[in-house]
Amino acid sequence: MTIDIRHEGDLGASLRDVMADVCTPVAIVTSCVETTPFGSTVSAFCSLSMNPPMVMVALNRESDTLRALKASGRFGVNILGIGIADLALRFARKGPDKFDDVRWSPSHAVPRIATSAGWIACEVAGLAEGGDHLIVSGNVVDADLQSSEPLTYHQRRFGTHVPFPAG
């Protein structure tokens, strides 16, 4: 069955609908300026290189987290697992109180959220233009994985990946 979702004359709206149908992982990018933590929820992140180990994230140009990342030269990627979608919603909004009542500790001079399923600490390698976002590439300096089903975002809802049965 094919559903035509085009919005006549609004390519951005059509693209948002198409991208809503793409299952994406959810993470919180963090940085710190002096002792003040910053964080933003992202779905635009991925591995970039294994040799050397690198990842990339995209942050809105107006993001406080982007400003902190530029100032510090470091960032963390807190990959979320199922069961903590509330954190994704909290860090998706603007405001200075995102870290209130969130267990975190500094790791490689950036905030590491205690309940994250995966952790990647990076030093900024470069910034590239990306429309209303900047694409940040990072050299990985630490990576750690906890056992958890991933938090995903699909059709404007949170969920998780369901693998095919083995065999």
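Guide: A patch joins residues with over 30% relative accessible area and no salt bridge, nonpolar side chains (Val, Leu, Ile, Met, Phe, Trp, Tyr) within 5 Å and like charges within 9 Å. Areas are Shrake-Rupley values (1.4 Å probe, for residues only the protein chains shown as cover), and a salt bridge puts a Lys or Arg side-chain nitrogen within 4 Å of an Asp or Glu carboxyl oxygen. This is a predicted model, where local features need pLDDT of at least 70 and side-chain atom pairs 80 or more, while totals for chains, interfaces and linings use all residues. Numbering starts from 1 along each chain as its sequence is written, and side-chain values use heavy atoms, without hydrogens or water.

Visitor: How much accessible area does the nonpolar patch on the surface have?

Guide: Its members are L15, V18, M19 and V22. V22 lies in the loop between helix 1 (11–20) and strand 1 (24–25); helices (H or I, at least four residues) and strands (E, at least two) are DSSP runs, numbered from the N terminus. Together the four members have about 340 Å².

Visitor: What is the relative accessible area of V22?

Guide: Buried is under 20%, exposed over 50%, and partly exposed in between (1.4 Å probe, protein chains only). V22 is partly exposed, at 36%.

Visitor: Which residue of strand 5 stands opposite S49?

Guide: Strand 4 and strand 5 (residues 53–60) pair antiparallel over 5 bridges. Opposite S49 stands M54.

How values were computed. Pairing = 2+ DSSP bridges.
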